[in-house]
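Here is a friendly walk through one model, taken a feature at a time. Please keep the structure open as you read.

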Amino acid sequence: MNTNKNVLAKIDKLAKLLRESIWTKDGVNTAQKYKYISEAQYKAIHGAAVAEAGLLFKFEVLERTQSATASGSQVLISIKTKMEYIDPETGERETYYSYGDGADSGDKGIYKAETGAYKYHVA
């Protein structure tokens, strides 16, 4: 029996708000010639919907692995994340897990992995 009725009702409201939001492909990858929804748009729309639903959102990286890509020119970062929606009125929370991967020749692999995990969760 689930006793988190308040937080689940607010998550349901959040889901409805996200479905009603207008999402546009506002980013462009010029190297590979495609458009995408930017992280900034995800955070803006999701953040506003979380607040309107009366929730708090928490994002945490639980696990991280690092390995070389097949070409050897980049490092692949793989992560497992925990995301929680918290009802500040009752303290009830609902937890979700997501995974993300990011490859980069510099220091952006973890950022790409976190962005991927977040986008998969919100979408």
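## A pair of neighbours in sequence

With a relative accessibility of 44%, Lys108 counts as partly exposed. Its salt-bridge partner is Asp107, and the N to O distance between the two side chains is 3.4 Å. Asp107 is exposed, at 62% relative accessible area. Please bear in mind that this is a predicted model.

Elsewhere, salt bridges with shared partners tie Lys10, Asp87 and Glu89 into one network.

How many salt bridges does a search of the whole structure find? The search turns up seven. As background, side chains of opposite charge can pair when their charged atoms come close.

Let us look at Glu39 and Lys43, whose side chains meet in a salt bridge with an N to O distance of 2.9 Å. Both residues sit in helix 2 (residues 39–52), and because they are four residues apart there, about one helical turn separates them. Glu39 is buried, with 15% relative accessible area, while Lys43 is partly exposed at 46%.

Another salt bridge joins the side chains of Arg93 and Glu84, at 3.1 Å from N to O. Is Glu84 buried or exposed? Glu84 is buried, with a relative accessible area of 5%. Arg93 is partly exposed, with a relative accessible area of 38%.

Helix 1 runs over residues 5–20, which makes 16 residues. From the first C-alpha to the last, helix 1 reaches 23 Å, close to the 22 Å expected at 1.5 Å a residue.

Which residues of helix 1 are buried? They are Val7, Lys10, Ile11, Leu14, Leu17 and Leu18. These residues cover an arc of only 115° around the axis, so they lie on the same side of helix 1. Lys10, one of the buried residues here, is also a member of the salt-bridge network with Asp87 and Glu89. On the other side of helix 1, the exposed residues are Lys5, Arg19 and Glu20.

What do the buried residues of helix 1 pack against? Their partners are helix 2, strand 4 (75–86), strand 5 (93–104) and helix 3 (109–122). Helix 2 is also where the Glu39 and Lys43 pair is found.

## A loop residue with positive phi

Now for a backbone detail. Lys33 is not a glycine, yet its phi is positive, at about 60°. Where is Lys33 placed? Lys33 belongs to the loop between strand 1 (27–29) and strand 2 (34–36). With 74% relative accessibility, Lys33 counts as exposed.

## The largest pocket

The largest pocket holds about 370 Å³ of space. Its lining is made up of 13 residues, and those closest to the centre of the pocket are Asn29, Tyr34, Tyr36, Thr115 and Lys119.

Which element gives the largest share of the lining? Helix 3 does, with six residues. Strand 2, helix 2 and helix 3 each contribute at least two residues to the lining of this pocket.

Note on methods. Residues are numbered from 1 along each chain as its sequence is written. This is a predicted model: local features need pLDDT of at least 70, side-chain atom pairs count only at pLDDT 80 or more; totals for chains, interfaces and linings use all residues. Side-chain values use heavy atoms; hydrogens and water are left out. A salt bridge is a side-chain nitrogen of Lys or Arg within 4 Å of a carboxyl oxygen of Asp or Glu. Buried means under 20% relative accessible area, exposed over 50%, partly exposed in between (1.4 Å probe, protein chains only). The expected span of a helix is 1.5 Å times one less than its number of residues. The arc is that of the directions from the helix axis to the C-beta atoms. Contact means heavy atoms within 4.5 Å. On a 1 Å grid over the protein atoms alone, a cavity is a set of points where a 1.4 Å probe fits but cannot get out, and a pocket is an open set with protein on both sides within 12 Å along at least five of seven lines; lining residues have an atom within 4 Å of a point. Grid points are joined across faces, edges and corners, and a volume is the space filled by probe spheres set on the points.
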